[in-house]
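The following note sets out some points on strand pairing and aromatic contacts. Please read it alongside the structure shown here.

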Amino acid sequence: MSRFQPRQLSQRTTNLVIGTSRTKYIRSKDIGAAVHSYRGASLLELCNLIEQYPQRKINTLIIVAGFNDHRDTAESFIDHWRFLIQLVYLKFQPRHLIIPKTIATSNNHSINRKIDQLNFALYNLLRTLNLPVISPHFNRDFDHKIFSRDGIHFSRFGNLVFSQILKFYFSHFTCNHIN
């Protein structure tokens, strides 16, 4: 049995964020989407979780994940992303799927080098699948404001900034890419 259980989706949910702890303080009302956070979840755990969701059409889905997999090889990282993307299309049939690159830490250069390698592989996968390549960038001079003391999770200010980034993605894809 999985350590995570899927959250309920209301019938009115058209936009959804599924993420790890970096989304835990993102408020649905701030971004115009339901937010389902699973602290510490790996990509494979998110796959197991998504298999448990009922089938449902979603307009725009953003997946914020990958940091908890920074110890994986690039090959297994991409295999897990590929499997997760396939499951997402089967379960949610999203009109728009957005996968931001994994956000680096503010204080661990060896992890950041590994995340850069994994992001390069993720970039290539997203291009191959004709999915948008989204790179949330934070000014490194503001790391002390964006991140909490652990250098991984967002501070209150960082959550506000990341909420604005997510809100932009939802408004951009909802307004500009409707068929």
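In which sense do strand 1 and strand 2 pair, and over how many bridges? The points below begin with this matter and refer to a predicted model.

1. Strand 2 (residues 34-37) pairs with strand 1 in the parallel sense, over 4 bridges. Within this pairing, A34 of strand 2 stands opposite L16.

2. Strand 1 is also joined to strand 3 (residues 60-64) by 5 bridges, and these two strands run parallel. Here V17 has I62 in strand 3 as its bridge partner.

3. Strand 1 (residues 15-19) is largely enclosed by the rest of the structure, because 5 of its 5 residues are buried. N15, V17 and G19 point one way from the strand, whereas L16 and I18 point the other way, and all are buried.

4. The model contains 6 aromatic pairs, counting rings whose centres lie within 6.5 Å. One of them joins F147 and F154: the ring centres are 5.7 Å apart and the planes meet at 25 degrees, so the pair is stacked. Planes under 30 degrees apart count as stacked.

5. Together with F162, F147 and F154 form one aromatic cluster.

6. R22 deserves a separate remark. R22 lies over the face of F154, at 6.0 Å from the ring centre. R22 also lies over the face of F67, at 4.6 Å from the ring centre.

Technical notes:
Residues numbered from 1 in each chain as written. Predicted model: local features only at pLDDT ≥ 70, side-chain atom pairs only at ≥ 80, totals over all residues. Heavy atoms only, no water. Phe/Tyr/Trp six-rings, centres within 6.5 Å; stacked < 30°, edge-to-face > 60°. Lys NZ or Arg CZ within 6 Å of the ring centre and 35° of its normal. Buried < 20%, exposed > 50% of the residue type's maximum accessible area, 1.4 Å probe, protein only. Pairing = 2+ DSSP bridges.
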